[in-house]
Amino acid sequence: MIRKSILAKTSVFHNNFHIKKSMIRTAILLSICTLSAVLSSSAAQAQVRISPMVIEAEANRNQAEGVINVTNITDEPFRARVYVQPFNYNRDQGFQTLSSSPTDLSPYLQFSPGELVVPPATTRRIRLIAQLPPNLPDGEYRVVVFTENLKEIKTTDQNGNSVKIRAKVGSTFYVRKGKVSPQLTVDSSSFDPAKNQIKLLVRNTGQASVLPIANWTLKVTA
């Protein structure tokens with residue numbers, strides 16, 4: 001059985017990362033589609049739609065809430081389990097789930113339901129409630145909420161081999177406690193003529209994630 005996860009977009013954390021775009025204006029989105037993104041993404045998206053993919057909340061009196069909408073766009077019932085994991089981003093490998101993390105929100109998170117059945121053409125909600133201890137240090141705490149299909153999907157890989165997939169889709173939930181904010185600085189920029197790409201190395205030294213926008217101004221010099 002192959003398990004793959006899909007996230008539509010992610011945020012920028014304290015580690016460096018490369019932005020490679022030749023467009024004048026483009027949103028910087030680090031999408032997480034690993035190896036069989038073709039298999040898992042098409043299988044999952046063909047059955048269910050998750051929104052929003054990114055939830056950001058400020059803790060008010062040490063509490064924050066969020067809602068994830070799960071929509072079944074097929075003509076058959078969709079049965080899934082819901083679970084959470086801490087995560088981070090690596091400059092080279094991108095999104096990574098972790099066994100533990102100092103920014104893990106899961107010990108303070110309640111969510112319901114833990115398992116759900118979504119009838120055809122119906123939307124169900126997953127409710128998230130974060131209760132942060134008063135003595136918890138200020139900062140950003142995060143978790144990815146996975147909705148995993150309990151039914152295996154039979155398909156074939158690019159070599160024609162028969163495989164079974166149990167697809168899952170993740171929504172990221174960020175909770176900020178206290179006055180924390182991102183702080184971006186540009187470390188370096190270069191142009192790759194072979195790939196016709198602009199490479200921008202950006203560092204986030206702040207205490208919060210951010211989804212930045214890049215504005216490119218191209219000038220011709222004599």
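Student: Is I165 buried or exposed?
Tutor: I165 is buried, because its relative accessible area is 1% and the cut-off for buried is under 20%. Keep in mind that this is a predicted model.

Student: Where is I165 in the fold?
Tutor: I165 sits in strand 15. The C-alpha atom of I165 is 5.0 Å from that of I153, and twelve residues separate the two along the chain.

Student: What about K177, buried or exposed?
Tutor: K177 counts as buried, because its relative accessible area is 7%. K177 is in strand 15.

Student: What does K177 touch?
Tutor: Leaving out residues up to four places away in sequence, the contacts of K177 include A59, N62, L132, P133, L136 and Y141. As for N62, its C-alpha atom is 7.2 Å from that of K177, although the two are 115 residues apart along the chain.

Student: Which loop is N62 in?
Tutor: N62 belongs to the loop between strand 5 and strand 6. N62 counts as partly exposed, because its relative accessibility is 23%.

Student: Which peptide bonds are cis?
Tutor: A cis bond joins S51 and P52, with omega about -10°. Another joins S112 and P113, with omega about 0°. P52 is in the loop between strand 4 and strand 5, and P113 is in the loop between strand 10 and strand 11.

Student: New topic. How many residues are in the largest nonpolar core?
Tutor: The largest nonpolar core has 27 residues. I68, V70, L105, L109, L128 and F173 have the most contacts inside it.

Student: Which strand gives the largest share of that core?
Tutor: Strand 7 does, with four residues. Other elements giving two or more residues include strand 6 (63-72), strand 12 (123-131) and strand 15 (162-177).

Student: What does V70 touch?
Tutor: Not counting residues up to four places away in sequence, V70 touches V48, R49, I50, L116, V118, T122, T123, R124, I126 and T147.

Student: How much space is in the second largest pocket?
Tutor: About 180 Å³. Its lining includes Q47, N72, E76, F78, R79 and K151. By type, the lining divides into three nonpolar, four polar and three charged residues.

Student: Where is T103?
Tutor: T103 is in the loop between strand 9 (94-97) and strand 10 (109-112). T103 is buried, because its relative accessible area is 19% and buried means under 20%. Beyond its neighbours within four places in sequence, T103 is in contact with E140, Y141 and R142.

Student: How many helices and strands are in the whole chain?
Tutor: The chain has one helix and 18 strands. Of its 222 residues, 43% are buried. Among contacts between residues at least 6 apart in sequence, 73% join residues at least 24 apart.

Notes:
Residues are numbered from 1 along each chain as its sequence is written. This is a predicted model: local features need pLDDT of at least 70, side-chain atom pairs count only at pLDDT 80 or more; totals for chains, interfaces and linings use all residues. Side-chain values use heavy atoms; hydrogens and water are left out. On a 1 Å grid over the protein atoms alone, a cavity is a set of points where a 1.4 Å probe fits but cannot get out, and a pocket is an open set with protein on both sides within 12 Å along at least five of seven lines; lining residues have an atom within 4 Å of a point. Grid points are joined across faces, edges and corners, and a volume is the space filled by probe spheres set on the points. Ala, Val, Leu, Ile, Met, Phe, Trp, Tyr, Cys and Pro count as nonpolar, Asp, Glu, Lys and Arg as charged, and the others, Gly among them, as polar. Buried means under 20% relative accessible area, exposed over 50%, partly exposed in between (1.4 Å probe, protein chains only). Contact means heavy atoms within 4.5 Å. A nonpolar core is a set of buried Ala, Val, Leu, Ile, Met, Phe, Trp, Tyr and Cys residues joined through side-chain atoms within 4.5 Å.
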